[in-house]
Amino acid sequence: MAGIDIDGITKNFGRTEVLRRVDLDIRAGEFMTLVGPSGCGKSTLLRIVAGLELQSSGSVRIADTPVDSLRPRDRDLAMVFQSYALYPHLTVGENIAVPLRMRRLKGHQRWPYLGAFMPGARGIERAIAAEVEAVAAMLDIGHLLARKPGQLSGGQRQRVALGRAMVRHPKAFLMDEPLSNLDAKLRVHMRAEIAQLHRRLGTTFIYVTHDQAEAMTMSDRIAVMMDGAVLQVASPDTVYNDPTDIRVAEFIGSPKINVLPAIVRPDGGLAVEDSVIPVEAAAPPGDPVKLAFRPEHALLADPAQAALRGRIAHVENLGSDILVHVRVGESGQPPLVVRTAPNGHRHEIGEKIGIDLSSRPPLLFGRDGKRIGVGAARRREVAHG
Amino acid sequence: MSARPTLGFAILRHALLLLGAAFMLAPFVWMISTSLKPSTEIFLDHVRLWPDQLAVVENYTAAFTKAPLLWFLLNGVIVTISIFALQVLVALPCAYALSKLRFKGKQALFAVVLLCLLIPPHAISVPLFLLFHQIGILDSYAALVVPFIISVFGIFLMRQFFMTVPDDLIDAARMDGISEFGIVWRVMLPTAIPALTAFGIFSVVAHWNDYFWPLIVINSEHLLTPPLGVAAFRNQEAGTDFGPLMAAATIVIAPLVIAFLMAQRRFIEGIALTGMK
Amino acid sequence: MVDHALDRPLTVSTPVSDRMGRWVRLRQAMAAYALCTPAVVLMLALLVGPILAVMALSVTDYQLGAKSLAFIGLENYAEMFGDRVFWISLTNTMIYVAIVVPGSVLLGLGVALLIEAGDSGKTFYRAVFFLPVMATLIAMAIVWEFMLHPQFGLVNLLLKLVGIAPQNWLTDGDLALYVLATIGIWQAVGFNMVLFLAGIVSIPRFLYDAAEMDGVPSAWERFRLVTWPMLGPVTLFVVVITSIRSFQVFDTVHVLTKGGPNKATEVLLYSMYAEGFEFFRSGYAAAITVIFLVFVLLLTVVKTQLLDKKVHYQ
């Protein structure tokens, strides 16, 4: 168990800059998720930590020791690959044993057929077999040890890959989109299992995914990456409710956060479409800003009393919730989505409706996409007034 | 990559590969070098790569005049092109039927194709020779071409390729009122160009270089294919005139080698098909 | 669908579409037969017929030009098995195969691994090693003959430089077969290299990453853990193909040695050629062909088995 410090990592592939001065401190025993759209550099960062890729500049420290000059073998990390990367010609048991055999047996003891007769080999092999069985039992794949990976289902292969990573008790686990090859149902199940595994092992996990739901459900902290940079590092709750950048707000959460362009008025309020939202933006008057709120942080209301008004464009009934799409104003804005509980009321398409934002302060983002403060003092009064 | 190759390894790699390359290229280099030399410089007791006195014109003129080399090359072109064209003409319709049409006996026919795939061409040379003798077409273009116009490998290859063509494409053609014959040539042929190119290279290279069968059936000088031609040239000039002989060898291998150097990837693909056969 | 049909009581049978369907099917079948006819006729005349004929011929005394032929049972085979030359020929063929196969397979693998081990010069090396596969073997055989010329050949001249006595490469009975095998290797390496290159490229990169994470200590261990097992099927395939191809050695023998000196390079196909097309003993040549066929078919069956197992390690 060890903390991992990523310090000013840059990576260029030819002329393209894949990572730009990434700093990230991962605490010992933490479940850290790197999340972002494909091509944001998260996998490259993971491979640099693993030692599979060499950074252009910057440094990685594991347990306060710089590892930049170490081969992957000497960094004492384990990795679970998206494709599992099991050796197809070896049985499940042999696959799990590889990391141990490579480290504990000497070259001549690994000779095919003859190796086992070399002095000392037998004892080591026996110890390895016992450890492999223990790990397999823990992952519930003990009965599969003699099979080849080709005979296993996706979920079983996933476990074997986990087993191969766990058997060595590494300082940290690196996981590169380990669930993306599984079907949706199994993915949800494995999420829970991996999270439990982390709790049981207590080891540092670095988990890479493009799926924000995976990031939200499993992590201690999330690092949201975009265009080769880390935008925000925080707990799932903070990233969701308190994003520091519009891109983070838009990436995290499903359905997506609602965003409306607005202009700051001289009195600090916001002009949105044809209405005025009475909040106090910490930005100079006349500045274009973005107003954002999550679907569950708004309420449908009487159009006469609400901050925003529009017509219902589409209704999605999810059973537990209903998503009401409201088109506001005449401009080509995508409809705003409001999540409501099913309360027996039927929403008609084309119906005039208002959106009430008073239950929770909306998020404001400046011209550069960074978060701006919102004063709440007058908001309540005016909204209800 | 994780394995960071050291400079030492890079040097070792190139050293070994260059050593192998030297062995591979030696005959080509020596052939071209000799084809440039006058005979006084060919018969030396030491290695001389580049002649003091160039005899390019003499040697290559001799190669073209002492034997009808140009005629041999033309024969090669006529034979390989005819073989390939006829192979396509026969194989493509059959491959289409085997992959896309439903008819009784389809499985059996395909089984026969697979069995015929096992027959090495050398193994049927005796009866084919007798047959051609019987019908009197030995020592003719027909004798060079006819045995190869049925390419079961071509049928097999095109059938495998056609299996990957979506049925919708064919149904759309049928809706447009194109007959099954029309579909073969107007729909399937254009889609099959990549596979046909590979097969074409495979076929042309194989028959341009073929020696065994032409050797058996051809006697007349005017029908010699390039390999036979260059062999005959050697027999006439045995041991005396290496300059023109090497010039002739250079000329015979030149068309394919130049084509190969210009379209390496396609050629390698095409030749690698031999492995499937 | 079936349930539906049962539920429905006695609908008037064969709706229009069904009749249309049958007519379409019939027309399709007719088209198929028309499309296949040329291929089928030619296949029977030029492949199936001759292969049956060769077996039939092998039990007759037919000679080209003879007015009649007689069934002589296995006499041709008896003569063949009693003939010293046949056994020499078979042995030489086996020796040739036994040298060319390991030689060209190992070199092909080595070259492919070296080419893929770096970035520079890939296309160049690939082209160079593949060149002999492309070049007309007969022309190159004649070049080799000149290179091996006892007095003025490059090989002896080079040997002289390092102080080795010149050899009569093609006329020395102890050397000739090995010289031919060397030319055979020279010609086959590039082909095998290409198949190995394809095999190496198709090994997924992530297996090498996994091996690195699992702690392979050296390039050799990485080769043993990933490359070699993943190339296993390709290697088997290459071995069989090279066997089949080198079993058919003929061109170099015919041009360079004519089976000599003193039968030292007599190989199966050359015997068959000499009997069938120089002495015109068609029946006897057919018997040799059958033996040749048996070997090639055995190898081909092995290959087909391998090809069918497209999905390895299942």
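Q: How many salt bridges does the structure hold over all chains?
A: This predicted model holds 29 salt bridges over all chains. A salt bridge is a side-chain nitrogen of Lys or Arg within 4 Å of a carboxyl oxygen of Asp or Glu. This is a predicted model, where local features need pLDDT of at least 70, side-chain atom pairs count only at pLDDT 80 or more, and totals for chains, interfaces and linings use all residues. Residues are numbered from 1 along each chain as its sequence is written, chains are lettered from A and ligands numbered from 1 in the order in which they are written, and side-chain values use heavy atoms, with hydrogens and water left out.

Q: Why is the pair A:R346 and A:E348 called a salt bridge?
A: The N to O distance is 3.8 Å. The cut-off is 4 Å, so the pair qualifies.

Q: What makes A:R346 exposed?
A: Its relative accessible area is 63%. Exposed means over 50%, buried under 20%, and partly exposed in between (1.4 Å probe, protein chains only). A:E348, at 43%, is therefore partly exposed.

Q: Is C:E266 buried or exposed?
A: C:E266 is buried, because its relative accessibility is 5%. Its salt-bridge partner is C:K263, with the closest N and O atoms 3.7 Å apart. C:K263 has 33%, so it counts as partly exposed.

Q: Which parts does the pair C:E79 and C:R281 tie together?
A: C:E79 lies in helix 3 (residues 75-82) of chain C. C:R281 lies in the loop between helix 12 (268-278) and helix 13 (282-308) of chain C. The parts are therefore 202 residues apart in sequence. Helices here are DSSP runs (H or I, at least four residues), numbered from the N terminus. The closest N and O atoms of this salt bridge are 2.9 Å apart.

Q: How many salt bridges does the rule find across the interface of chain A and chain C?
A: The rule finds 3. One of the pairs linking these chains is C:D209 with A:R47, at 2.7 Å between the closest N and O atoms.

Q: How many residues does the contact take from each chain?
A: Chain A gives 30 residues and chain C gives 19. Contact means heavy atoms within 4.5 Å.

Q: Which residues are linked in a network of salt bridges?
A: A:D227, A:D245, A:R247 and A:K370 are linked in this way.

Notes:
Helix = DSSP H or I, 4+ residues; strand = E, 2+ residues; numbered from the N terminus.
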